[in-house]
Amino acid sequence: MDGFAAVDFEFARQVLQRGIAALFVVAFVSTLNQFRPLLGERGMLPAPELLEWARSSARTGRLLRPTLFRYVRYTDRRLVALCIAGIVIAAALVCGIPQLGPPWVPMLCFLALWLGYMSITSVGQTFYGFGWEMLLLEAGFLAAFLGSDDQPPATVVVVLFWWLVLRLEFGAGMIKIRGGREWRDLTALMYHHETQPMPGPLSRQAHLLPGWFHKIEVVGNHFAQLVVPWFLFAPLLGLWIPGPVPAVVGAVAAAIVIATQLWLVVTGNFAWLNWITVVLAFSAIGIPGLQPAHRPDSEPAGAPWIIDGMPLPWLVVTCAVGVLYVVLSWAPLQNLFARRQLMNASFNRWQLANAYGAFGTVTKVRIEIVVEGTMDADPDAATWHEYGFKGKPGDVHRMPRQYAPYHLRLDWLMWFLPLGRSLDEWFTAFLVKLLEADAATLRLLAHDPFHGERPRWVRAVSYRYRFTTRAEFRATRARWARDRRRPVLGPVALHR
């Protein structure tokens with residue numbers, strides 16, 4: 001650190017700007033492919049109905065977070081245009097094009113991504129009710145103030161990224177310590193690889209590792225989340241302690257966070273949660289001697305409008321962001337040490353300085369809701385055929401696929417269904433779409449057993465799933481074993 005300028009953090013800035021922008025590309029592509037059948041004009045939970053409800057009362061309208069669709073009527077075409085614009089702007093940032101101009105250019109680009117994606121999440125209801133949505137929004141807002149290639153990043157903004165990682169990791173660690181006993185007796189990961197929302201190709205192999213290894217995993221997780229994040233702030237000591245030690249400590253802490261997140265990447269599918277944590281952790285990696293690629297020749301270093309290599313107006317803006325965060329951070333700071341800690345909560349309408357966390361408890365048995373349909377007239381004597389989902393377990397022989405950082409929203413909500421007390425409204429709407437053979441809904445699935453034809457009946461049945469042992473796999477080549485539990489809903493049909 002060098003006063004107002006984080007002169008050794010040029011590499012960190014490049015990773016942050018391009019990495020966050022790349023994840024915005026993923027988020028907008030996910031929305032482009034899935035929003036309309038889930039939330040569009042003919043979706044399961046239509047966004048226009050939510051917006052109309054918000055307009056009907058000033059009091060209820062205040063419950064809706066900021067969205068452009070409050071002022072511009074929602075249509076599916078406008079949603080597509082917003083997604084395409086977001087993809088183009090984010091792709092330009094990944095390529096570093098806006099960063100070649102003055103700092104106001106990348107700032108406006110990131111703020112456009114932030115506002116555009118917030119406009120989507122604000123009307124996304126349960127399909128966008130995930131912690132990594134607000135995490136991406138907050139990261140995008142902070143990235144807006146990293147500046148461009150002709151000056152070093154501001155110290156205050158780099159430190160705000162460390163504060164974000166601390167809230168993310170330490171908050172998740174505290175949620176676990178306060179949560180299920182399995183995190184305290186070190187048995188959580190004996191279950192988690194099997195029961196997590198969407199296993200990946202290596203999840204079964206991870207689950208079959210010996211129990212002592214799973215206990216080491218939990219100890220390592222607690223260390224990485226409860227202890228390590230505090231050392232991300234070590235480079236600040238470089239302002240007073242000469243030598244490379246403070247920077248090295250911060251880089252080692254970042255490397256530990258990155259390593260633990262990459263283990264989660266290869267053993268599961270958590271959308272972009274792990275990937276964005278990896279990107280954010282790079283904020284603590286400083287490389288001495290790596291300076292911004294371009295410096296303005298027309299502004300000598302000693303000019304009064306240049307302070308530590310940064311234009312004075314830009315310095316004022318970044319300091320103002322720092323002051324804003326000091327004010328906004330009091331509530332999340334209290335939450336970190338509160339007895340009733342909130343998880344994935346926002347304390348303001350703009351989703352800045354949020355509280356994060358995940359998996360305070362681990363489910364020990366995997367229950368899957370299997371959706372089936374039939375063309376037969378008599379449901380009691382019918383032959384039933386199973387719908388196949390892209391990510392969630394179904395066919396016991398199929399190897400789970402790697403989808404992250406892409407987010408399969410329907411599959412994720414299917415995992416939550418057995419955990420609730422009753423079936424959600426969206427699931428009933430989903431079954432109606434299957435009965436109608438709605439083409440857009442069927443494209444969200446991996447397999448339609450009726451090839452676009454309307455089934456007469458559909459139903460939902462629960463199964464218990466578990467990973468097969470190595471011996472069972474050799475005998476059957478099945479990766480899952482399952483047994484039927486009970487009917488959940490149906491059979492149901494449309495009136496003809």
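I count a residue as buried under 20% relative accessible area, as exposed over 50%, and as partly exposed in between (1.4 Å probe, protein chains only). By that scale Phe11 is partly exposed, with a relative accessible area of 30%.

**Ground rules**

I am working on a predicted model, where local features need pLDDT of at least 70, side-chain atom pairs count only at pLDDT 80 or more, and totals for chains, interfaces and linings use all residues. I number residues from 1 along each chain as its sequence is written, and side-chain values use heavy atoms, with hydrogens and water left out. Helices (H or I, at least four residues) and strands (E, at least two) are DSSP runs, numbered from the N terminus.

**Entry: aromatic pairs**

I searched the whole structure and got 34 aromatic pairs. Rings of Phe, Tyr and Trp (its six-membered ring) pair if their centres lie within 6.5 Å; planes under 30 degrees apart are stacked, over 60 edge-to-face, and the rest tilted.

I looked at Phe11 and Phe282. Their ring centres are 6.0 Å apart and their planes stand at 70°, so I noted the pair as edge-to-face. What does this pair tie together? Phe11 lies in helix α1 (residues 10-39), and Phe282 lies in the loop between α13 (273-281) and β1 (306-307), so the pair joins parts 271 residues apart in sequence. Phe282 is partly exposed, at 21% relative accessible area.

Next came Phe427 and Phe430. This pair is tilted, with 6.1 Å centre to centre and 40° between the planes. The two sit three residues apart in helix α17 (residues 425-435), so about one helical turn separates them. Are they buried or exposed? Both Phe427 and Phe430 are buried.

I also found a cluster. Ring pairs link Phe24, Phe28, Phe35, Phe69, Tyr74, Tyr117 and Tyr128.

**Entry: helices α4 and α5**

I took axes as lines fitted to C-alpha atoms, for helices over the stretch in contact, with angles from 0 to 180 degrees between N-to-C directions. Helix α4 (residues 76-95) and helix α5 (residues 104-121) have axes that come within 10 Å and cross at roughly 145°. From α4 the contact (heavy atoms within 4.5 Å) takes in Leu79, Leu82, Cys83, Gly86, Ile89, Ala90 and Leu93. From α5, the residues include Pro106, Phe110, Leu113 and Ile120. I sorted this contact by class and got twelve nonpolar, three polar and no charged residues. Ala, Val, Leu, Ile, Met, Phe, Trp, Tyr, Cys and Pro count as nonpolar, Asp, Glu, Lys and Arg as charged, and the others, Gly among them, as polar.

I traced an open sheet of four strands in the order β4-β3-β7-β8, with antiparallel pairing. Two strands pair if DSSP finds at least two bridges between them. Which strands are at the edges? They are β4 (385-386) and β8 (480-492), and each pairs on one side only.

I then followed β3 (residues 366-374). It pairs with β4 over two bridges. Glu372 stands opposite Glu386, and Gly373 stands opposite His385. With β7 (residues 457-467), β3 pairs over nine bridges. There, Val370 has Val461 as its bridge partner. Eight of the nine residues of β3 are buried, so the strand is largely enclosed by the rest of the structure.

**Entry: Gln261**

I found Gln261 in helix α12 (residues 245-267). It counts as buried, at 4% relative accessibility. Leaving aside neighbours within four places in sequence, Gln261 is in contact with Glu169, Leu273, Asn274, Thr277 and Val278.
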